[in-house]
Amino acid sequence: MNPKQLTVIEHIEELRKRLFICAIFFVLALIVSFYFAKPIIKSIQYSEQAEQLTLNAFNVGDPLTVYLEVTFIVAFIITSPIILYQLWAFITPGLHETERKATLKYIPYAFLLFVAGLAFGYYILFPNVMNFMMQLSDDLDIQQTIGINEYFGFLFKLVVPFGIIFELPVVMLFLARLGILNPQLMVKFRKYSYFVLFVLAVLVAPPDIISYILISIPLFVLYEISIVIARIGYKKYLVAEALRIQEEKELEQKIQVEDLLAEQRRQIEEMTNRQ
């Protein structure tokens, strides 16, 4: 078999193994989450944002849909460190030893940032969006009849993406530590990045300037933190790369010396045999 084809097959087999491990842990997390889903739903139902609302079920299956959605999201949160570790384990064969040790440390921080993003979305973003929507309904004399499925679906669409967005500093650090991302490029394209982040804030925030600012500022701060962290990671990459090159040169010189000594011994043996 062609070595290149064998490598591809091995990569596919490794990926299958990692996905299988993630699936096993996710199923176990689903079992645990099944028992936590009910108190979480009750907590959200009677939270400050929903206490003045009457949540209705427009379809017979809506309560079950909400229950399963909460169960899956909680299971994903519980499993996320395992998923991150398996992703790291899949990538590490192509990394140097120092890079493997350095990037492994990022997993706890990635999980904490994910949870921080969820907290920001739930405690800051979601209440402001709901207040705006309810105020708009009052101004237009609209009586809202809110379905529980629609309420939780709207909540998840706002909150979960911010858990992913808050991973930005760790992602930037990871790419910089591997030498893939130069932080100078982040500085160079800062204004374009700010524009993209502001557009993102406009898409998820209520249509008023205060909400735009409220959502944009944390995104801008995240980007600036990412630049600072990426600089640290890139400096470590340069140091590690210089050390690796030096070690390769020393190894190459050692091999050359050993080859030279072996050649000298061979010549001495030939001369001795002739005598």
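A residue is called buried when its relative accessible area is under 20%, exposed when that area is over 50%, and partly exposed in between (1.4 Å probe, protein chains only). The model looked at here is predicted, so local features need pLDDT of at least 70 and side-chain atom pairs count only at pLDDT 80 or more, while totals for chains, interfaces and linings use all residues. Residues are numbered from 1 along each chain as its sequence is written, and side-chain values use heavy atoms, with hydrogens and water left out.

F20 is found in helix 1; helices (H or I, at least four residues) and strands (E, at least two) are DSSP runs, numbered from the N terminus. Together with I24, F25, V27, L28, I31, V32, F34, Y35, F36 and I78, F20 makes a nonpolar surface patch of about 1100 Å². Helix 1 (residues 3–45) gives the largest share of that patch, 10 residues. To join a patch, a residue needs over 30% relative accessible area and no salt bridge; nonpolar side chains (Val, Leu, Ile, Met, Phe, Trp, Tyr) are joined within 5 Å, and like charges within 9 Å. A salt bridge here is a side-chain nitrogen of Lys or Arg within 4 Å of a carboxyl oxygen of Asp or Glu. The areas themselves come from the Shrake-Rupley method with a 1.4 Å probe, and for residues only the protein chains shown count as cover.

S33 also sits in helix 1, but S33 is buried, with a relative accessible area of 0%. Its contacts (heavy atoms within 4.5 Å) are T71, V74, A75 and I78, leaving aside residues up to four places away in sequence. S33 and I78 are 45 residues apart along the chain, yet their C-alpha atoms are separated by 8.6 Å.

Helix 6 (residues 168–177) is largely enclosed by the rest of the structure, because seven of its 10 residues are buried. Those are P169, V170, M172, L173, F174, A176 and R177. The axes of helix 6 and helix 4 (residues 106–139) come within 9 Å and cross at roughly 155°. Axes are lines fitted to C-alpha atoms, for helices over the stretch in contact, with angles from 0 to 180 degrees between N-to-C directions; under 35 degrees is roughly parallel, over 145 roughly antiparallel, 65 to 115 roughly perpendicular, and the rest oblique. Y106, Y109, A110 and L113 of helix 4 meet P169, V170, L173, F174 and R177 of helix 6.
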